[in-house]
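I am opening a notebook page on this structure and will write down what I look up, one topic at a time.

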Amino acid sequence: MDLEYTASERAFRDEVRAFVTANLPADLSAKVLEAKRLTRDDFMRWHKILAAKGWVAAGWPQQYGGPGWTPVQQHLFDEECAAAGAPVILPFGVRMVAPVIMAFGSQAQKDYFLPRILSGEDWWCQGYSEPGSGSDLASLKTRAERQGDHYIVNGQKTWNTLGQYADWIFCLVRTATEGRPQEGISFLLIDMKTPGVTVRPIRMLDGEEEINEVWFENVKVPVDQRVGEENKGWTYAKFLLGHERTGIAGVGKSKRELQKLKGIARKERASGRPLIEDARFRDRIAQIEIELLALEVTNLRVLSEEGTRKGPGPEASILKVRGSEIQQSLSELMMQAVGHYGVPYVREALDADYKGETVGGDYAAPLAGVYFNMRKTSIYSGSNEIQKNIISQMVLGL
Amino acid sequence: MDFSLAEERRLLQDSISRYLGREYAFDARRKHAASPEGFSREAWNQFAELGLLGLTISDADGGMGGTPFDTMIVMEAFGRALVVEPYVATVVLGAGILSDAGSPAQKEQWLPAVATGEKLLAFAHSEAAARYDTRHVEARAKKDGAGWKLDGAKAVVLNGGSADALIVSARTSGDAGDERGISLFLVDPKAKGVTVRAYPTQDGSRAADVKLNGVAVGADALIGHADDALPVIERALDRGCAALCAEALGVIDALNAATLEYLKTRKQFGQPIGRFQALQHRMVEMTIRAVEARSMAIVAASGITQTDARERSRLVSAAKAYVGQCSRFVGQQAIQLHGAIGVTDELIVSHWFKRLTMINATFGDADHHLARVSDLMLSERE
Ligand SMILES: Cc1cc2nc3c(=O)[nH]c(=O)nc-3n(C[C@H](O)[C@H](O)[C@H](O)COP(=O)(O)OP(=O)(O)OC[C@H]3O[C@@H](n4cnc5c(N)ncnc54)[C@H](O)[C@@H]3O)c2cc1C
């Protein structure tokens, strides 16, 4: 047992830190640290900086242009990027569709899509959920009918994250209706510019537009944009869901947010004294600090064992449940820290170039919105209830 | 003991529900909230006609002489409908303070006008460095001839942007945390030296930050006695808390009803999601909290009628703390059980959730009121 990082891991951390310090634009990190609104361009700027260095796809094997890092190195990289206030590398291309293409795609798909994902040329989004199919994804209804060398796609997807910016969408579609619902699903790559694709943004409870509805009306998709075999898409989707354990716990980001919370508690005043001197509030912070430490070490245990086990494990579910709960608690406490200054809603203040007067200090404006927004973490990518069902089946055999 | 509603209260409840059901659907509410003032003067006039604005003002001052239980009925219905009109600011806080401590002339000038809906009030007390500490007042009022000169800044004043008069707390003696030395003044928001920065709030209502820069007021602006306003302030805020507990209760019930309905209709895996025991027990917990929250809203309303200020505060804080905890649980679970549709702006569910969150942040959150109950324990006699 050794809880310390090895000398080479520490050296790796230093190298990452030095690079991030030298290359992350200050205005960009300021936006992230202050929870300001990020544009498409903001995500892409950082993506391209990392791409130039060969670091954008931490989990990819070297043959496709990944850096060939161990899971622990990937974690250290995540942590350094998060601490510095780098925007997240959006998972849809790099972490979701790319591994599926690598494992099941044709040579032509690999040759065409993977370099474009690396370079950031294509923005990808995930088209799984439908209005009637959320947790019960296998019940999806969007149909793809074969006509010669094309599919004709009709249906509706929803809750599509940042699809308003996307060039490509990877979709689960129904190609057969007989047999078990899981057996008639195929995995299609669809160009968002194809005629018949319509995107409508959905306003979320925090007032921002981060998710979309996507309609397909007689959309013509070449058969060679199907990944793997027809009707085998469910297998690929499951592969994708269980593939990625690094980063699911969000430890790096939560560590950064914990520091931010402490910073706010030092600045805020209660009865004229720094809020952090209020033992009751400090206990709340300490409690989360302890829970986060437990999550961090659990995460590291899972990562250092990765590779010794194959396929999706219940560990990912444990990390997802606790990771989302901790992110939610942190955002809640941060909003609570500013007391009644969580109440104002100054929408313009979420823009980085807002020059107007702030209400309640420069950090207060986004906090309630972040708390509202964080409710999503226990719903998306498999709700916490579904994760618990997985744990109960796979670990407990119930 | 009698927990049944008196006949007049049932009538009151019916008439409010009928009015809100007819005129205050979610779309109408959205429109009110998005209007320049952030609420509807027309709805406000209707409230006046229904007798809601003078409900707790005495008969002598043009009101109906109602009790905190009447306020509870109103606020519960307002919670369900997500009413954005400045009821707490004007009626519960403003008219409450003037009824308690105003001079006959002040009462005559303001209370009948509040009851008829002509005038709006706001209570400018809290300050940035105070957090929720009611005694922490840094704003100052200095004697200036016969009148006073006010300097200072007030934070998140509910409906401060629409008020015809601000009731401002300021220190006439002592230091920031002292019990004595605080006084209350009626201030015209258009007076020289007053800056009101109004803004929307997260839940679609309005608030304002107020700056006072050498604002001159006459001797007649002082409410009650100089240096001795803390008991008046605490009573007003306790009343505000009790009203918010009732409002939260309305929201909690509405959220539970909507969530229950959703559990029965939303199908996944070939069955209504309400068939999953994991969700059934959650819904049961939410129901238990709603029942308890109702008990605590009653505790708060009855607490207000206590003559012993400490006992009043203890009861109200116990209620605000517990209703806050129940609100947090019910709000978060209601969103969770709705899945992604619950985090959209389209569905009223997310707005109820936001309102509950903001109620908790107003006049002291659950932790603050828990601390207040806990601290009072130290001075209990054996
Ligand atoms: C912000 C956000 C972004 C998203 N981004 C994307 C995206 O980019 N692409 C995409 O395809 N999808 C996306 N989703 C959709 C997400 O995957 C679904 O919301 C999720 O799978 C839940 O489905 P649902 O919302 O339909 O809820 P439902 O499945 O209707 O669930 C409602 C409630 O019932 C519970 N429940 C359901 N079944 C069970 C069960 N068997 N046992 C116990 N409880 C159960 C759920 O946990 C939930 O609490 C996103 C969602 C959100 C909120």
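The entries below go from the interface to a pair of strands.

**Entry 1, the model and its interface.** I note at the start that this is a predicted model. I looked up how many residues take part where the two chains touch, and found 48 residues from chain B and 50 residues from chain A. Together the two chains bury about 4100 Å² between them, and 53% of that area lies on carbon and sulfur atoms.

I found 33 residue pairs in polar contact between chain B and chain A, with both residues of each pair at pLDDT 80 or more. The salt bridges between the chains come to six. For an example I looked up A:Glu357, which forms a salt bridge with B:Lys211, where the closest N and O atoms are 3.4 Å apart.

The largest share, six residues, comes from H10(B). Sorted by kind, the residues of this side are 18 nonpolar, 14 polar and 16 charged.

I then followed E3(B) to its partner, strand E2 (residues 140-144) of chain B, with which E3(B) pairs in the antiparallel sense over five bridges. Within this pairing, B:Lys142 stands opposite B:Lys149 in E3(B). The two strands, E2(B) and E3(B), form a hairpin with two residues between them, and B:Gly145 in the turn has a positive phi of about 65°.

Notes
Residues numbered from 1 in each chain as written. Chains lettered and ligands numbered in written order. Predicted model: local features only at pLDDT ≥ 70, side-chain atom pairs only at ≥ 80, totals over all residues. Heavy atoms only, no water. Contact = heavy atoms within 4.5 Å. Buried area = accessible area lost by both parts, 1.4 Å probe. Salt bridge = Lys/Arg side-chain N within 4 Å of Asp/Glu carboxyl O. Polar contact = N/O pair within 3.5 Å; in protein donor to acceptor, adjacent residues only side chain to side chain. Helix = DSSP H or I, 4+ residues; strand = E, 2+ residues; numbered from the N terminus. Nonpolar A, V, L, I, M, F, W, Y, C, P; charged D, E, K, R; others polar. Pairing = 2+ DSSP bridges.
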